Each structure stands twice: as structure tokens, then as C-alpha cells.
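Reader: I am new to reading protein models. Could you walk me through one, feature by feature?

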Amino acid sequence: MTKNQTLRRALEDGKLFTAMAAHNPLSAKLAEEAGFGGIWGSGFELSASYAVPDANILSMGLHLEMMRAIASVVSIPLIADIDTGFGNAVNVNYIVRQYEEAGASAIVMEDKTFPKDTSLREAGRQDLVRIEEFQGKVASAVDARRDADLVVVARTEALIAGRGQAEAIERGLAYEEAGADAILIHSKQKTPDEVLDFIRAWPGRIPLVLVPTAYPQLTEPDIEALRKVGIVIYGNHAIRAAVGAMKDVFATIRRDRGIRQVDSYLPSVKEIIALQGDEHMRSIESRFLR
Ligand code: SPV
Ligand code: MG
């Protein structure tokens, strides 16, 4: 099975597919090793790793090249976060093919205006494009894919933008009609109530995608019990883990004025060398170095 088929089948089988965020190939590899079903090619994480806001400040090309690098080191599907599609339906048609060729098995595109603002920030600038305009962008993404198994996820930010449940449902249904394979419904409420209301009311045929960052109480068994959600995305836990670990280690070294203590609990240099693919390099070395 190809990576695209793996994700497509998971959506069809109705078994909850889990995706962990990554901002580089190393974090993607660790997510694969930990047992996640796929990788979330998060724009938020990549922006954070460059220490810039998640607001289309980084170029599409930079994100695309990171997706290519990630896809080349993992054997699980990559779900690429293409933000608003970097323009209109014409831009979308071009870039979806680029992401597909870079090895993405799914793209997630959101119905905000370009340039976007990040979703989870309090009082962010959240403007949505017209429903018809976004339907055209979804249809353009569907038209652009070469492999029919590439999954096109339409993401509505209606709840994030404070437009209410009725508009969120209207947008979700309109995007389904335009050919989306799944609808990502995002919410920044601190409890799952808003998203649960949406899920219960969702009359569509296609599965939903959740990013429960703001409402971490909702676990995978809870989500499975709803029977309408195909994918759960853990949106930013790789970069937050990295930030927490680095802060801790850096502070300890400053306090101790040395590395003795941190050395006892940090992953060994040997472990990092293994993650770099050393075994593969040595096998090439022994076969071809003359
Ligand atoms: C991302 O990880 O880039 C996302 C999810 O789009 S969120 O940051 O919650 O909008
Ligand atoms: Mg994003």
C-alpha cells in the first residue's frame, strides 16, 4: 500500500487516524517511532521553529521543502498544512500538485483570507473568504491531484472567527459539495462543548478532523465514540515539547555552570547518531567505498 492509500483506507474504514505535528524530519521520525499513524506538517510549528508568527510570513516554498524533507524520512502518511492555499483557486491548483509531488498524502486548506493569522491566539484577525470562493478553491485542489487517493481536507474557521454553528455547518456542507474528502472543524474554546455541538449536528457524509489543542480533555476514546471523526491532529506538541526540554536543560547548565547533570539524563550522542540514519550510511560505506 502507498502512503496515500494508507490514509485513504483509514478514512474509509472509520478507524481513528492519529497525526502528530512535526517541524522537521527529526521530529517526524520521532513521531513515527512513537506510533502515530501520520505526520502533521504544521505551519504553526514551522513558523515557531523560525521564531516568526504563524501568519504567512514564511514562504510557501520553505514549507514545501520541509514537507519534502519530512516525507523522505518517514514511511507514514504526511498531512500538509497549506494554510489558505497561498492565494486564490489558481494558486491552489498549482501548489497542490507541488505538495503531492513532495510526498504529501493529504493537504489541509483553511477558509481564511490570505495572509492568515494564527487560529489559537486570543483576539487574532480572523477573516473568512466567501463560501463560493472557498468552494472553488476546494474544487481546484481536487482537480489538481494526480493520485485520486490524495486526501483533500477543507478546514473551516467559522467557529474560530465567531460566526457560530449554523455558518460552520453551512460551510462544511458547501465544502463537501465542492469535493472535499473531510472537514476540519477548528475551535479555540477551552472546553470541547463547541466542537461536540458541531459534531452532533453534522449532517454531512464525509468524516471530520479535529485539532483538540485548546480542549485537551477530549481523548481518543471520546473521539472514537462520536463515530464521525476520521483524524485527530495533535497540532503543536512537538515544538512545545522541544521548547520545554531546551528551556529546562539550558537553565540547568547555567545554574550548574557545567553539563555534568544534564548529561546523565539527556539522550546520548549515540542515540542522535542512530536517528541521523547512521546504520544506512555504514551499509553504503561497506558496499560501495573502495
Ligand atoms: C498548525 O499546527 O499549523 C495548525 C493548527 O494549523 S493550529 O495552530 O491550531 O491552527
Ligand atoms: Mg496551521
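Author: Start with what covers helix 7. Its buried residues are covered by, among others, helix 6, strand 5 (151-156), strand 6 (182-185) and helix 8 (193-201). Keep in mind that this is a predicted model.

Reader: Which residues of helix 7 are buried?

Author: First, a general idea. An α-helix has 3.6 residues a turn, so residues three or four places apart point the same way. Now the case here. The buried residues of helix 7 are Glu167, Ala168, Ile169, Arg171, Gly172, Ala174, Tyr175 and Glu176.

Reader: How many residues does helix 7 have, and what does it reach from its first C-alpha to its last?

Author: Helix 7 has 13 residues. From first C-alpha to last it reaches 18 Å, close to the 18 Å expected at 1.5 Å a residue. After the helix comes Gly179, with a positive phi near 115°.

Reader: Arg171 is on that list. Why does Arg171 count as buried?

Author: Buried means under 20% relative accessible area. Arg171, in helix 7, has a relative accessible area of 3%, so it is buried.

Reader: What is Arg171 in contact with, leaving aside its neighbours within four places in sequence?

Author: The contacts of Arg171 are Asp111, Leu128, Val129, Arg130, Ile131, Thr156, Ala158 and Arg163.

Reader: Next, aromatic rings. How do I describe a pair?

Author: A pair of aromatic rings is described by the distance of the centres and the angle of the planes. Centres within 6.5 Å make a pair. By this rule there are three aromatic pairs. Take Phe134 and Tyr175: their ring centres are 4.7 Å apart and their planes stand at 65°, so this pair is edge-to-face.

Reader: Where in the chain do Phe134 and Tyr175 sit?

Author: Phe134 is in helix 6 (residues 131-144) and Tyr175 is in helix 7 (residues 165-177). They are 41 residues apart, so the pair links distant parts of the chain. Phe134 is buried, at a relative accessible area of 0%. Tyr175 is buried too, at 0% relative accessibility.

Reader: Why is the pair of Phe198 and Trp202 stacked?

Author: Look at the angle. Planes under 30 degrees apart count as stacked. The planes of Phe198 and Trp202 are at 20°, with centres 5.7 Å apart, so the pair is stacked. Both residues are buried.

Reader: Now the strands. Which way do the residues of strand 3 point?

Author: Leu78 and Ala80 point one way from strand 3 (residues 78-81). Ile79 and Asp81 point the other way, and all are buried.

Reader: How many bridges join strand 3 to strand 2, and how many to strand 4?

Author: Three bridges join strand 2 (residues 38-41) to strand 3, and the two run parallel. There, Gly41 stands opposite Ala80. Strand 3 also pairs with strand 4 (residues 106-110) in the parallel sense, over three bridges. In that pairing, Asp81 has Val108 as its bridge partner. Between strand 3 and strand 4 the chain crosses through helix 5 (residues 89-102), and this β-α-β crossover is right-handed.

Reader: Last, the whole chain. How many helices and strands are there?

Author: The protein chain has 13 helices and eight strands. Its radius of gyration is 20 Å, close to the 19 Å that the globule rule gives for 290 residues, so the chain is as compact as a globular protein of that length. Of the 290 residues, 49% are buried.

Methods:
Residues numbered from 1 in each chain as written. Chains lettered and ligands numbered in written order. Predicted model: local features only at pLDDT ≥ 70, side-chain atom pairs only at ≥ 80, totals over all residues. Heavy atoms only, no water. Phe/Tyr/Trp six-rings, centres within 6.5 Å; stacked < 30°, edge-to-face > 60°. Helix = DSSP H or I, 4+ residues; strand = E, 2+ residues; numbered from the N terminus. Buried < 20%, exposed > 50% of the residue type's maximum accessible area, 1.4 Å probe, protein only. Pairing = 2+ DSSP bridges. Right-handed = clockwise from strand over helix to strand, strands pointing away. Expected span 1.5 Å × (residues − 1). Contact = heavy atoms within 4.5 Å. Rg over C-alpha atoms; globule rule 2.2 N^0.38 Å.
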